[in-house]
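Hi there,

Here is the structure I promised to send over. Have a look, and then read on for what turned up.

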Amino acid sequence: MTWILGRKRMLRTVNRHLRRRIGIISGSGPDAGLDLMRKIVVANRKFLGPGAGDKDAPKIAMVNFPEIGGPHGHWDLTPGSEASAELESNMKIAVNTMSTLSDYFCVACNTLHNLQPLIEATSTSGAKFISIVDVVEEYCQEHKIDSLVVMGSTMTTDVKDTSPYAPLSGSVALPVLEDSLRTAQQSALEQIKSNGPFGIETQQMFQDILDSVPGDDILLGCTEFPLMPVTTKKRLIDPTQLLAEKLLALSWGYEDGVLPIYTSELEGVMSEKESIPVA
């Protein structure tokens, strides 16, 4: 066994100087941004191996913009409204700020991906926006998922119209949930935003909602939902985990966004992609 300065040798040799910068636009809500950042750091440690140290960590800039905070819905995402104009203006500020701090950046909120065209048009510094919706679509195609139940805000669960995931209907069936179940999810996310994910009452509320959601493949389409501890036999797809792994791969120079020989935290399936040199 080889040791370097008392540490085990990393599984992979990386060139720290070629490491790209990751940017996270947080604020909707702040817990979601922190959760995404933690997932990137954990994925990096797992990818590099037990010998990785502080200087091998990913370069991450996260800025919390309360001005883009939720909850969101038709009241602030309907084009032409005063609230929508204010949100769009604040999003442009967030994107312009993050574009100068990163090479690849994201927004830690599912519903705000309704603004994806605006975000992409605003980023003009060369930084590339990585969409949580796009990584979910890639995941569904790779794993041949033909039906996906979308959980989230009232807008995000409106999969026939206003959901940012509505475009996925061209390649995967998106069952429509009952209005009462969609309203219950909106109430749950508002409670999580207000009180955090740790209260027993909030956790039981979310568990009851999840138990009522039909289907086997469930997308946790609100960045607060993966924070909740649950017990289920359903396959829960955490888009923030997918996004974290995509951003990490890009940051180390894997331009297809796939980490080689890596076991995803999401499902425990190891990638068979051949490793390419990054150093």
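This is a predicted model: local features need pLDDT of at least 70, side-chain atom pairs count only at pLDDT 80 or more; totals for chains, interfaces and linings use all residues.

Residues are numbered from 1 along each chain as its sequence is written, and side-chain values use heavy atoms, with hydrogens and water left out.

Let's start with helix α1 (residues 30-48) and helix α8 (residues 239-251), which pack at about 55° with their axes 9 Å apart. Helices here are DSSP runs (H or I, at least four residues), numbered from the N terminus; axes are lines fitted to C-alpha atoms over the stretch in contact, and angles run from 0 to 180 degrees between N-to-C directions. On the α1 side, D35, L36, K39, I40, A43 and N44 make the contact (heavy atoms within 4.5 Å). From α8 come T240, Q241, L243, A244, E245, L247 and L248.

The other pair is helix α6 (residues 179-195) and helix α7 (residues 200-212), at an angle of about 155° and with axes 10 Å apart. That makes α6 and α7 roughly antiparallel (over 145 degrees). Their contact involves L181, A184, Q185, S187, A188, Q191 and I192 of α6, together with E201, T202, M205, I209 and S212 of α7.

Best wishes

Methods: Helices (H or I, at least four residues) and strands (E, at least two) are DSSP runs, numbered from the N terminus. Angles under 35 degrees count as roughly parallel, over 145 as roughly antiparallel, 65 to 115 as roughly perpendicular and the rest as oblique.
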